[in-house]
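I opened this model to look up a few local features. My notes follow in the order I took them.

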Amino acid sequence: MSDLPFTLDQLRILKAIAVEGSFKRAADSLYVSQPAVSLQVQNLERQLDVPLFDRGGRRAQLTEAGHLLLSYGEKILSLCQETCRAIEDLQNLQGGTLIVGASQTTGTYLLPRMIGMFRQKYPDVAVQLHVHSTRRTAWSVANGQVDLAIIGGEIPSELAESLEMIPYAEDELVLILPIFHPFSKLETIQKEDLYKLQFITLDSQSTIRKVIDQVLARCEIDTRRFKVEMELNSIEAIKNAVQSGLGAAFVSTSAIAKELQMGVLHCAPIEGVVVKRTLWLIFNPNRYRSKAAEAFSQEILPQFATPGWNHNMLKLSQKNLMVNTLDAVTPVATDDG
């Protein structure tokens, strides 16, 4: 071990500089001085006998050697974290960490309820919720940075063989209107009525927007014919805009439970149409699953799932992983998308 030309601290510093874009911000994020960071990088470059940063620009740019070291360094740090969590498990849920991922809608409206139930049962377990795009969440699960996640979109095709995907629940998308809109007095509206409305949507590049458009298309609703009044960047902003009378919108039923209870939004059924999408549970079957993650999977997930969902696949994957032990761990390349 003494022959290694780098330390874990140096790898952490390298990663921090790459993420923050400067030596100063990296030092701040690690709570050390900038000279200490610079010295560690100089030592690392001298030990490896290659430059790791191109110091010609304002932002700290990695050289080819720097990118290569960062790629392997992130795998090493990820396995170190996994090792520490496995050791923490020896305390039998009297500590440890559970890290759950989610895409935007599930992370905002579903996961907090699930985590609240878990924390009541296991108050000594530290729980982290990472809410990002489906793509970024999938990469975090693949790299072992997140134990498991619930998503509503499609995972990157390059991760299809690395991740296990289990259909978890059906999420219904409903049309919401201002309570004083003329259509709110009707028991149901027709498909053609949708093209008379002014819509409020998420940005056209949003993953959630694309998923909603795809689901509506399967129900023979052409979103290209919608009169889009405005595009906003969050579900909360859309709900507030509809409530203020600025238009209509399609949102998940999980996002409007409070507003329907308060009577500030109207949910308009569409004749002969039920718009649903599948929520997926994803995890990496080749990564160690902590006791906290196992407890969450077996005790909390079934309470919110569609009846009959196949949670036995989780048990099977965990059993296979224990048989294969660390030989099954296959680090996956990092991706920021």
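**Entry 1: an arginine and its neighbours**

I started with R209 and listed what R209 touches: T201, L202, D203, S204, V228 and E231, leaving aside residues up to four places away in sequence. The model is predicted, so I read every value here as computed. I placed R209 in helix α8, which covers residues 207-218. Is R209 buried or exposed? I found R209 buried, because its relative accessible area is 13% and the cut-off for buried is under 20%.

**Entry 2: positive phi**

Next I looked at backbone angles. Most residues other than glycine have a negative phi. I noted E220, which is not a glycine and has a positive phi near 60°. E220 sits in the loop between α8 and β8 (227-232). I looked up its accessibility too: E220 is exposed, at 64%.

I then turned to Y31. Its phi is also positive, about 60°, and Y31 is not a glycine either. Where does Y31 lie? I located Y31 in the loop between α2 (23-30) and α3. Y31 counts as exposed, because its relative accessibility is 78% and the cut-off for exposed is over 50%.

**Entry 3: a helix pair**

I moved on to α1 (residues 8-20) and α3 (residues 34-48). Their axes come within 10 Å and cross at roughly 110°. I therefore logged α1 as roughly perpendicular to α3, since 65 to 115 degrees counts as such. The crossing of α1 past α3 is left-handed.

Which residues make the contact? From α1 I wrote down Q10, I13 and I17. From α3 I wrote down V37, Q40, V41, N43, L44 and Q47. Sorted by class, this contact of α1 with α3 holds five nonpolar residues, four polar ones and no charged ones.

**Entry 4: cysteines**

Last, I checked for disulfides. A disulfide is a covalent bond between the sulfur atoms of two cysteines. How many disulfides does the model have by the distance rule? I counted zero. C80 is in no disulfide, and the nearest cysteine sulfur to it belongs to C84, 6.9 Å away. C84 is likewise in no disulfide, with the sulfur of C80 as the nearest cysteine sulfur, at 6.9 Å.

C80 is partly exposed, with a relative accessible area of 28%. C84 is partly exposed at 47% relative accessibility.

How values were computed. Residues numbered from 1 in each chain as written. Predicted model: local features only at pLDDT ≥ 70, side-chain atom pairs only at ≥ 80, totals over all residues. Heavy atoms only, no water. Axes fitted to C-alpha atoms, helices over the stretch in contact; angles between N-to-C directions. Helix = DSSP H or I, 4+ residues; strand = E, 2+ residues; numbered from the N terminus. Parallel < 35°, antiparallel > 145°, perpendicular 65-115°, else oblique. Left-handed = near helix turned anticlockwise from the far one by under 90°. Contact = heavy atoms within 4.5 Å. Nonpolar A, V, L, I, M, F, W, Y, C, P; charged D, E, K, R; others polar. Disulfide = S-S within 2.5 Å. Buried < 20%, exposed > 50% of the residue type's maximum accessible area, 1.4 Å probe, protein only.
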